[in-house]
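Subject: Structure handover: ligand and pockets

Hello,

Here is the structure for you to look over. My notes on the pockets and the ligand follow below it.

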Amino acid sequence: MSSSSAPTTQDAAPPGLVDRLQALRDGVTSAAVASGRGADDVQILLATKTISPAVIRAAISAGYDLIGENRVQEVVAKADELADLPHRTHLIGHLQSNKVNAVLDHVDCVQSVDSVALAGRLDRRCAALGRALDVMVQVNVSGEASKSGVAPDAVDELVAAVLAAEHLRLTGFMTIGLRSDDRSAVRAGYAELAAIRDRVHGSGVPGARRAVELSMGMSGDWADAIAEGATMVRVGSAVFGARPPVS
Ligand SMILES: *Cc1c(COP(=O)(O)O)cnc(C)c1O
């Protein structure tokens with residue numbers, strides 16, 4: 001059978017996918033235990049940008065029910081095809097204010113809140129819908145201009161705005177790590193995010209104690225992120241294979 005006629009309704013997994021998922025789970029479990037945490041304390045979020053609904057369905061069916069998408073268009077386009085399979089979707093890419101209305105029906109958490117303006121927009125939209133929304137604050141710990149996220153010295157202002165927003169629940173913090181072979185430099189960024197989380201969590205501000213998550217670590221560096229306290233790693237290419245380059 002040619003791959004173009006592969007069944008989608010049976011959620012058949014592409015060759016090797018289930019093994020790669022299991023290997024990732026085993027590695028994440030070992031790293032969690034090695035960092036003094038429980039085997040189940042680190043969640044795996046599958047970064048599914050560019051991945052077809054058929055492949056995502058196979059991963060969800062194998063028990064990996066937390067997915068992350070970068071683009072609102074892609075979230076919306078895939079939503080119908082995943083609707084019958086229980087799963088959670090997080091937005092992990094930059095969210096433009098004019099896309100807020102389109103995405104809210106399809107996501108359980110927006111991890112990429114990076115401005116007071118966006119927090120305000122999300123809060124007002126949730127108020128109109130009569131719902132609450134889990135969010136994370138995305139911090140640019142690497143300082144690389146290409147990375148989105150609020151600068152560390154502007155985190156407090158953004159956190160205050162999110163905690164004050166009636167319809168937003170701050171669940172934690174997200175970052176995209178430094179892209180470097182210098183593992184100690186990468187780890188320093190993750191340690192910085194952990195310190196921000198600890199400071200906010202212990203601040204005594206109403207709602208701050210719910211902010212426990214550290215979403216950090218990708219295919220190349222999830223073990224280092226877990227060593228620095230990651231509670232959620234976001235992995236794509238290590239399980240799905242290389243993506244086509246972004247245009
Ligand atoms: C693509 C992406 C990931 C996963 O990257 P891989 O290197 O493929 O594991 C994680 N987080 C974000 C925000 C991404 O865009």
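Start with the largest pocket. Its lining comprises 43 residues, and those nearest its centre are K49, I176, R179, M218 and R243. Please keep in mind that this is a predicted model. The volume of the largest pocket comes to about 1,300 Å³. Four elements each put at least two residues into its lining: helix 3 (72-82), helix 7 (183-201), helix 8 (222-227) and strand 8 (232-235). By class, the lining of the largest pocket splits into 16 nonpolar, 15 polar and twelve charged residues.

Now the ligand. Which space does the ligand take? The answer is the largest pocket. Around the ligand you will find A47, K49, N70, I92, I176, M218, S219, R234, V235, G236, S237 and R243. Five residues of this shell are nonpolar, four are polar and three are charged.

- N70: a polar side-chain atom is 2.7 Å from an oxygen atom of the ligand.
- R234: a polar side-chain atom is 2.9 Å from a nitrogen atom of the ligand.

How much of the ligand does the protein cover? On its own, the ligand has 380 Å² of accessible area, and the protein covers 90% of that.

On to the second largest pocket. Its volume is about 190 Å³. It has 15 lining residues, with A79, H87, T89, H106 and V107 nearest the centre. Strand 2 (66-69), helix 3 and strand 3 (88-91) are the elements that supply two or more of them. Which element gives the most to this lining? Helix 3 does, with five residues. The class count for the second largest pocket is six nonpolar, three polar and six charged.

One link to take away: helix 3 supplies at least two residues to the lining of the largest pocket, and helix 3 also gives the most to the lining of the second largest pocket.

Best wishes

Conventions. Residues are numbered from 1 along each chain as its sequence is written. This is a predicted model: local features need pLDDT of at least 70, side-chain atom pairs count only at pLDDT 80 or more; totals for chains, interfaces and linings use all residues. Side-chain values use heavy atoms; hydrogens and water are left out. A residue is near a molecule or strand if one of its heavy atoms lies within 4 Å of it. A polar contact is a pair of N or O atoms within 3.5 Å; within protein, one must be able to donate a hydrogen and the other to accept it, and residues adjacent in sequence count only if both atoms are side-chain atoms. Accessible areas come from the Shrake-Rupley method with a 1.4 Å probe; for residues, only the protein chains shown count as cover. On a 1 Å grid over the protein atoms alone, a cavity is a set of points where a 1.4 Å probe fits but cannot get out, and a pocket is an open set with protein on both sides within 12 Å along at least five of seven lines; lining residues have an atom within 4 Å of a point. A molecule sits in a cavity or pocket if more than half of its atoms lie within 2 Å of its grid points. Ala, Val, Leu, Ile, Met, Phe, Trp, Tyr, Cys and Pro count as nonpolar, Asp, Glu, Lys and Arg as charged, and the others, Gly among them, as polar. Grid points are joined across faces, edges and corners, and a volume is the space filled by probe spheres set on the points.
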